[in-house]
Amino acid sequence: MNAEVLTISVDSMFVHKVWEEQELSKISQKKVPFPMVSDLNGTIGKLYNVYDEDLKLNLRGTFIIDPDGIVQAAEILSAGAGRSIAETIRKIQAVQHVKCTNGAEVTPVNWEPGKQVLKPSPELAGNVWSVWKK
């Protein structure tokens, strides 16, 4: 997908090693193909506003950052809430599609690759419903 993935947590590299070897590798049946970064004191988490001072951990944040370093999507969940890998992939595809068309096409709700896009224009304003129902 021409995307880089990494995970960041307040856990040490030793905890990450055990997590990968004893949990993730058994869940996925293979080696985790992305780096696991230690943020022991929450420095990175604080930059992204996901560090919880009371819990001393980073909440579950997912950030899609484009090649220019601009955050295109962000989702922050409580520490116990699970995420959807399929939805993260869909969001990456949507962001990439919009960027690829230089904003000439945008992706509506529940968009997936190959599905209908919208072309922003003055004529579209107030008429999305008529385009959407086609």
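Student: Does Phe63 count as buried, partly exposed or exposed?

Tutor: Burial is judged by relative accessible area: under 20% is buried, over 50% is exposed, and partly exposed lies in between. In this predicted model, Phe63 has 26% relative accessibility and therefore counts as partly exposed.

Student: Which ring does Phe63 form an aromatic pair with?

Tutor: The structure holds one aromatic pair. Its members are Tyr48 and Phe63, with 4.8 Å from centre to centre and 50 degrees between the planes, a tilted arrangement. Tyr48 sits in the loop between α2 (43-47) and β3 (51-52), while Phe63 belongs to strand β5 (residues 60-65), so the pair ties together parts 15 residues apart in sequence. Tyr48, at 34% relative accessibility, is also partly exposed.

Student: How many helices and strands does the protein have, and in what order do the elements run?

Tutor: The protein has four helices and six strands. Read from the N terminus, the order is β-α-β-α-β-β-β-β-α-α.

Student: What is the radius of gyration of the protein?

Tutor: Such a value is read against that of a compact globule. For 134 residues, a compact globule would come near 14 Å, whereas the protein has 18 Å. Along the principal axes, the C-alpha atoms fill a box of roughly 55 × 35 × 25 Å.

Student: What share of the residues is buried?

Tutor: Of the 134 residues in the protein, 21% are buried. The protein exposes about 9700 Å², of which carbon and sulfur atoms supply 58%.

Key. Residues are numbered from 1 along each chain as its sequence is written. This is a predicted model: local features need pLDDT of at least 70, side-chain atom pairs count only at pLDDT 80 or more; totals for chains, interfaces and linings use all residues. Side-chain values use heavy atoms; hydrogens and water are left out. Rings of Phe, Tyr and Trp (its six-membered ring) pair if their centres lie within 6.5 Å; planes under 30 degrees apart count as stacked, over 60 as edge-to-face and the rest as tilted. Helices (H or I, at least four residues) and strands (E, at least two) are DSSP runs, numbered from the N terminus. Buried means under 20% relative accessible area, exposed over 50%, partly exposed in between (1.4 Å probe, protein chains only). The radius of gyration is taken over C-alpha atoms; the globule rule is 2.2 Å times the number of residues to the power 0.38. Accessible areas come from the Shrake-Rupley method with a 1.4 Å probe; for residues, only the protein chains shown count as cover.
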